[in-house]
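Please keep the sequence and the structure open while you go through them.

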Amino acid sequence: VQPPEKPLEAEEWNKLREDFQLPEIFEEVMLNNMIRCNSPIDVAKSLLTHLAKRNGDIAYNMLVKYLTLCVQQRQVSEIHDVYDIMKVRFKILESGAYSLLIKGFSNSDQWRMALTLLEEVKKMMIPSRTCYESCIKAASRHQEMKLAFELYKEMLAKDVVPTLDVLQSFFNFSRGMEGAELQKELFGILLYLRENQIYPHKTFMRSIKLWFESMPGGNWRGRLTNIKDSGQCPVCKHQLEDSNLTEEEYSNLSERIIRDVIHGTDTFRKTSPKEFEAFQTFVENRLPFDIVIDGLNVSHIKSRKMQCENLFDAVNCLAKENARLLVLGRKHMLMNSSNWKREIMKEMQNKADFFFAENISEDDAFLLYATLRSGKHCRFVTRDFLRDHKACLSDSLTRHLFRKWQRGHQIAFSPSAEGRILKKSFSSVFSQQPAFRYDCVVQTTGDTWHIPYKDVFEEKYSYQVPRKWLCIQQK
Amino acid sequence: MQCANMLLKKIIRTSVFPFAAQHGMKKDLFPLSRTLSFSLCLKQDKSCEASEKLDLDEWKKVMKSGLQEELSETVSEPKELSGLAAARETLEMWRLAGRAVPENISEEQLKTFMECPSKSAKKKYLKYLHLKELHKKNDKRKMNEKRERRLEAQDQASNTDETKKNPFVCLWSSTMDKAYNWRAAQSMIFGQPLVFDMSYEKEMSVREVTNTVSQIVMSESCNRRSVDPFHIHFCNFKDDSLYHRQFLKSYKQAWSKLLITVTDQCYTEIFPKDKLIYLTADSPKVMKTFDHDKIYIIGSMVDKSIKTGVSLARAKRLGLETAALPLEKYLLWNTGAKNLTLDQMMHILLTLKDTGDWKKALEFVPKRKYCGFVKRPVKELKKTLDLINTLKLGKRQEEIEQQFAKNHPKK
């Protein structure tokens, strides 16, 4: 139904209602459509008046719908009236109405009302991130940065994840403001981005840049740049943090991978204790390796070639650099078949160490173990994103560690390049996505900040990292 | 004197009339004021306003005026609500806001609701209760309708008053039950064992355990009704476990009279290991035929969060043989996981036991999961395809093979 353009009289509404297929839900449908078309508020009012006259009452969900329309059009006095009516009519309100009211008030002069409402919500439940967002934005818009930061911290304490919008608004509204305290808080937000491996988008990055440059007496200067593969910033010639984990992080991660990924709830799910023990002694006797290869994964690189030939190419190419190789596979590779020729397998075993797992065991878990056990310099080759193994890790901190380690140690290639390099040598395949030497997170040395960012419209998968950086330097 | 009196009356009447007429006319002029007579302040408002313009804020007055009376009654309201009462109040508001929330909620359900760890968990639980309530209501309505129809039919029957004589004895359900129980008792002595492994309680949520139990109840009943029932064993069954409590809930007194073997022992302690076969969808081995000498084990687990390899791990640990149903071989699989419900497994196994016909047995796989039956083995299909193509189209052998490989990718 198309909502009318002008307020209607009771009779006219009645007529419309009778023409509607389902008269019982006519008002509901009509109000929904008004919200969608953003109809003038007077039309909605006339409908409510008609409703009130017919029933002597207006249902709660109707009031909420009307409220949605008011908030949409920023009709502050109307929002106030609806709130008054609701307050007297109902003992408590539900979260939908509260977030609408908070949003409505926060955009007006009566933004402090939103804060009182937030308090009211807190009595019953944890407010949603949008509620916090409205209040924080309102507070910072009115230069009450202290209050805004209090709310922000409260939000973090309650495990409510802030939207990027909230974080950005802090930088927008603190522009040009003085105060060491404020500066510390904003640096705290940047560190929050670092800890959670969040990459700001382009407009957010711009807000950060402008804030830095507006800092009174700070003499900060921001420039956009791309970081070289060596990890050096072309602007300030500063070397970025390398991707290696600290000793503690490293041992923590290895421990967790053995516990959560390999053993999990039941060692028998991915391997068996006997097999894992055999693998452990195998690895310990031959340590350390330089590169660990997922044999089955690599053998599927070119579908036209025999699988063992693919693997042979890979082993040959990597063996040239005089590296100690370990190839992980499954027992079925040893059976002479059309894809796995015995002679080629024999030849390969001269150049690299091989471990063959049971056919129903998961070789990825072994791959992770062998690489971690060999030490920090060891890298691994697979096209797999290892997402299922990451998901086995129980907390987000370890998952971040895993991602960081993976970025620094996984050698892979992008599937799109596959078609192009068919005729070229195998090594060019690997150069497509090398393991990063530097760590791709927000980082600081005190007088410089390096912030990776992504273009707004750029599709970014979780395993990809942005290549564009903001370099901020203090003179 | 009388005359004068009459005259006086007339005068009074006539003097009243125009006034009344005028009043009535006024009413007609303002049709709104009549409908609004329930609210005093409005009436006054309206009467002094002469214009016909719509008052858009009228609804507010209505809402507020209706409140005046209520307010005076419940003026000492601002009292802090606590715990359950507050939760109940919130639910009521959610219901008013049009969310999927049950109308009636018991104390126990309310507690479960409050214990839900997250907002989405709460929402899901409420939706579940809401749907349950709707189903219950619908069932009740249908029952009532059925009863009415039956009563009507009875009325008609009594009118015609025809009593047919039936040459057969009417078999009531109790008689049937007796027959079934005889068979089940026989199976407990001579029947082929079928094991339900009840050791998955830790891997499941409460909902999943309830679902498991209801699936087993269905399996048990269809086993009892079959021509040649299995001898069902519940192994690794712990007393007072969640399974046990749920079984008591659904079977009530019948639980102790069930013709099945319930034990806390493991199947490996009861049966020789080489006779056991663990059925699991993760198994690398595919079942070819149903073996009447083997003892099949079914894991009593409903797995909503796709925990792969749990039952395979159990079989591996005990060093048992495993097998999966040959679903790929006989069905053109469409969507859905390859793990079937326990009652479907029971139907399939019973059919296999009676007939050995895979096609008949796999009819019990839900229709939505597959497109159809593979008519002939894939190899034969390839041969005929080749023949047709080489004869009719004269295509090169290689091309055809490629085409075929595309249509039937290797696993």
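1. Which residues of chain B does the UniProt annotation "domain: SAM-dependent MTase TRM10-type" cover? According to that record, an unreviewed entry, the annotation covers residues 180–372 of chain B. Before going further, please keep in mind that this is a predicted model. In the model, the end C-alpha atoms of residues 180–372 of chain B lie 34 Å apart, and the span is 39% helix and 16% strand.

2. Chain B as a whole contains 17 helices and eight strands. Of its 411 residues, 34% count as buried, and among the contacts in chain B with a separation of 6 or more, 71% are made by residues 24 or more positions apart.

3. One pair of helices in chain B can be followed in detail. The axes of helix α9 (residues 206–225) of chain B and helix α10 (residues 242–251) of chain B come within 9 Å and cross at roughly 55°, which means that α9(B) is oblique to α10(B). The crossing in which α9(B) passes α10(B) is right-handed. On the side of α9(B), the residues that make the contact include B:V206, B:V209, B:V213 and B:I216, while on the side of α10(B) they include B:L242, B:Y243, B:F247 and B:Y251.

4. What is the size, in residues, of the largest nonpolar core? This core has 87 residues, and those with the most contacts inside it are A:L93, A:F170, A:L190, A:F212 and B:W59. Its largest share, nine residues, comes from helix α4 (residues 60–72) of chain A. Apart from this core lies another one, of 58 residues, among them B:F196, B:C235, B:L331 and B:L350.

5. A:F212, one of the residues with the most contacts inside the largest core, deserves a separate look. If its neighbours within four places in sequence are left aside, A:F212 is in contact with A:F187, A:L190, A:W220, A:W449 and A:I472.

6. Where in chain A is A:H238 placed? A:H238 sits in the loop between β1 (220–226) and α13 (247–263) of chain A. With a relative accessible area of 25%, A:H238 is partly exposed. Leaving aside neighbours within four places in sequence, its contacts are A:G231, A:Q232, A:C233, A:T445, A:T448 and A:H450. A:H238 and A:C471 are 233 residues apart in sequence, and their C-alpha atoms are 9.7 Å apart in space.

7. Is B:C371 buried or exposed? B:C371 counts as exposed because its relative accessibility is 59%, and exposed here means over 50%. B:C371 belongs to strand β8 (residues 370–373) of chain B, and, not counting residues up to four places away in sequence, it touches B:L332 and B:N334. The C-alpha atoms of B:C371 and B:W59, which are 312 residues apart along the chain, are separated by 58 Å.

8. Finally, A:S337 lies in the loop between β3 (325–330) and α17 (342–351) of chain A, and at 29% relative accessibility A:S337 counts as partly exposed. A:S337 and A:A139 are 198 residues apart along the chain, and their C-alpha atoms are separated by 71 Å.

Note on methods:
Residues are numbered from 1 along each chain as its sequence is written. Chains are lettered from A and ligands numbered from 1 in the order in which they are written. This is a predicted model: local features need pLDDT of at least 70, side-chain atom pairs count only at pLDDT 80 or more; totals for chains, interfaces and linings use all residues. Side-chain values use heavy atoms; hydrogens and water are left out. A nonpolar core is a set of buried Ala, Val, Leu, Ile, Met, Phe, Trp, Tyr and Cys residues joined through side-chain atoms within 4.5 Å. Buried means under 20% relative accessible area, exposed over 50%, partly exposed in between (1.4 Å probe, protein chains only). Helices (H or I, at least four residues) and strands (E, at least two) are DSSP runs, numbered from the N terminus. Contact means heavy atoms within 4.5 Å. UniProt positions are given in the numbering used here, feature names are shortened, and annotations may be inferred rather than shown by experiment. Axes are lines fitted to C-alpha atoms, for helices over the stretch in contact, and angles run from 0 to 180 degrees between N-to-C directions. Angles under 35 degrees count as roughly parallel, over 145 as roughly antiparallel, 65 to 115 as roughly perpendicular and the rest as oblique. A crossing is left-handed if the near helix is turned anticlockwise from the far one by less than a right angle, and right-handed if clockwise.
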